[in-house]
Each structure stands twice: as structure tokens, then as C-alpha cells.
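Welcome! Please take a look at the protein shown here, and keep it in view while you read the notes that follow.

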Amino acid sequence: LADGPLNGRHVLVTSGPTHEPIDPVRYIANRSSGAQGTALAAALRDLGARVTFVTGPASVPPPEGVAVVRVETAAQMLAAVTAALPADAAVFAAAVADWRVANAAGQKMKKDGTGQPPALSFAENPDILATIARMAEGRPGLVVGFAAETERVVEHATAKRARKGCDWIVANDVSPETGIMGGSENAVTLITDQGAESWPRMGKDAVARQLAARIAGQLTGQPVA
Ligand code: C5P
């Protein structure tokens, strides 16, 4: 473990998309590279935290020096998160599918020759962030969510913070013209009980380091540069 202000602290990070099976060879998913969650886990590790990294099938490799738990579905992600508690802080950077396929097939679905496509039906997935943020017992001391918005970012993210019951929301504008989704830069607004704080556009690694420092400051009660 690195020497740093987060020595002795356990931080949980979720990252990547989830895959929700349609049949054994097909799935629905969100677009997510896992880049921001991966960078954040590495930054927390570098500040000395013990990090549990619960990741869906991401396109970037997980960081070294963290405990990696690989999952596919939202249900598996919730189980892995719950099993990893207790934690001093939990950061939910994963792009979790809101729905799973309720009538997923056990065998590969085939065209039946009638020209009729299959009808998928959906069931709502558990909201992992809200579930953990609202735990009556054993809730992490600091619960941080992300909000990808395409308009009225602060307004929507502030409402999301209240709805989910988390302490902080890291909001970003992912409208296509920003080039943020799948890119290497991010422009975030941190929403806390103190209000909204917009950060300049910077690399996802720099966002991760700044956010990790803020988390360390909150957990230790000492400003961390
Ligand atoms: O409202 P929305 O789902 O966009 O909120 C995003 C935040 O909620 C992210 O922090 C994401 O990781 C978390 N989330 C979750 N479980 C879900 C859906 C979203 O943890 N099923």
C-alpha cells in the first residue's frame, strides 16, 4: 500500500457498464469505457487507501494494486458491493443498466422463419447507489454518485443527489458536442450539501486525483492537496 492520508481506510469503487443477457450470446449494455472509475480507483490507491474495485466488462484494464471483483450484471454488482462492505467511502462510477431482460432465454434465440422478431420484456434493476446510500446500518461514511446529464446539469444532478440519498454527486455533461463520452477529458460539477462547484475541463486522470483528494479531506478532516 502507498503511504498517504488514506492509510487504514477502505474505499469501494464501482466502474464500467453492466451487461444484461438476452440469451447466452447477446446482451444489452450502456456505453461506458470504465476510464473515469479506473482512474479514480488508482488515485485513491495512490493516496494510501485499500481499494475494492467492482467492475463490469470495461474496455480499459483495471488498475494494479486494488482488489478487483469482476461482475457482469447489475444484480451481481449489487451483491459484490454488499459483500465488500464495510467501507469508509463508496464511489459509484459504474454505468449500470436500468433494466434487465425479464424473459432472457436459456438457449440462443433463433429466427423462426415467420419474420416475427422476438418480444423482449424488461424488469427494473436495483439502484445500487440508492440501496447503499439508504442503508440503515453499516452505511459507508461518504457515499458518492455520478450523474451523466445532457442538459440542465446542476438542476438535474441536485435533484438526483436528494433522490438517491447520497452525500455527493459528481455531475458531467455528456451531450455529444462535448466529446466527453469515450474521450480522455471531463468537465465536472461537484454537488455537495454546500452547493455546486464547477471544475475546469481537465483530463479524467486529473479529475480523479482532485476527487480522491477531496474524499481524503472529507474522511480525515484535513485538507489534502
Ligand atoms: O439516475 P442515474 O442512474 O443516472 O444515476 C447515476 C448514478 O447512480 C451513478 O452513480 C451510478 O453508478 C448509480 N447507479 C447505480 N445503480 C443503478 C443505476 C445507477 O448504482 N441501477
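## Strands side by side

Val13 sits opposite Val91, a residue of strand E6. This is a predicted model, in which local features need pLDDT of at least 70 and side-chain atom pairs count only at pLDDT 80 or more, while totals for chains, interfaces and linings use all residues. Residues are numbered from 1 along each chain as its sequence is written.

**How the strands pair**

- Helices (H or I, at least four residues) and strands (E, at least two) are DSSP runs, numbered from the N terminus.
- Strand E1 (residues 10-15) pairs with E6 in the parallel sense, over four bridges; two strands pair if DSSP finds at least two bridges between them.
- E6 also pairs with E9 in the parallel sense, again over four bridges.
- Within that pairing, Val91 has Val144 of E9 as its bridge partner, and Phe92 stands opposite Gly145 in E9.
- E9 is joined in turn to strand E10 (residues 168-173) by six bridges, and these two run parallel.
- One of the residues involved is Glu149, whose bridge partner in E10 is Asp173.

**Buried or exposed?**

- A residue is buried if 20 or more other C-beta atoms lie within 10 Å of its own, exposed if 12 or fewer, and partly exposed in between, with C-beta atoms placed from the backbone.
- In a regular strand the side chains alternate between the two faces of the sheet.
- E6 is covered on both faces: Ala89 and Val91 on one side are buried, and so are Ala90 and Phe92 on the other.
- E9 is mostly covered too, with six of its eight residues buried.
- Phe146, found in strand E9, is buried because 23 other C-beta atoms lie within 10 Å.
- Phe146 touches Phe92, Ala93 and Val170, not counting residues up to four places away in sequence; two residues are in contact if their C-beta atoms, placed from the backbone, lie within 7 Å.

**Around the ligand**

- The ligand is surrounded by 14 residues, and the closest are Phe92, Val96, Ile128, Leu129 and Gly145; a residue is near a molecule if its C-beta atom, placed from the backbone, lies within 6 Å of it.
- Helix H3 (128-133) and strand E9 (142-149) are the elements that give two or more residues to this shell.
- E9 gives the most, with three residues.
- By class, the shell has eight nonpolar, three polar and three charged residues; Ala, Val, Leu, Ile, Met, Phe, Trp, Tyr, Cys and Pro count as nonpolar, Asp, Glu, Lys and Arg as charged, and the others, Gly among them, as polar.

- Asp98, in the loop between strand E6 (89-92) and strand E7 (99-101), counts as partly exposed because it has 13 C-beta neighbours inside 10 Å.
- Leaving aside its neighbours within four places in sequence, Asp98 is in contact with Glu124 and Asn125.

- Ala42 is in helix H1 (residues 35-46), and its 21 C-beta neighbours inside 10 Å are why Ala42 counts as buried.
- Ala42 and Asp205 are 163 residues apart along the chain, with 9.0 Å separating their C-alpha atoms.
- Arg201 lies in the loop between strand E13 (195-198) and strand E14 (202-203), and is partly exposed, with 15 other C-beta atoms within 10 Å.
- Arg201 and Asn103 are 98 residues apart along the chain, and 42 Å separates their C-alpha atoms.

**Stepping back**

- How many helices and strands are there in the protein? There are five helices and 14 strands.
- Buried residues make up 40% of the 225 residues.
- Among contacts between residues at least 6 apart in sequence, 63% join residues at least 24 apart.
- The C-alpha atoms fill a box of roughly 65 × 35 × 35 Å, taken along the principal axes.
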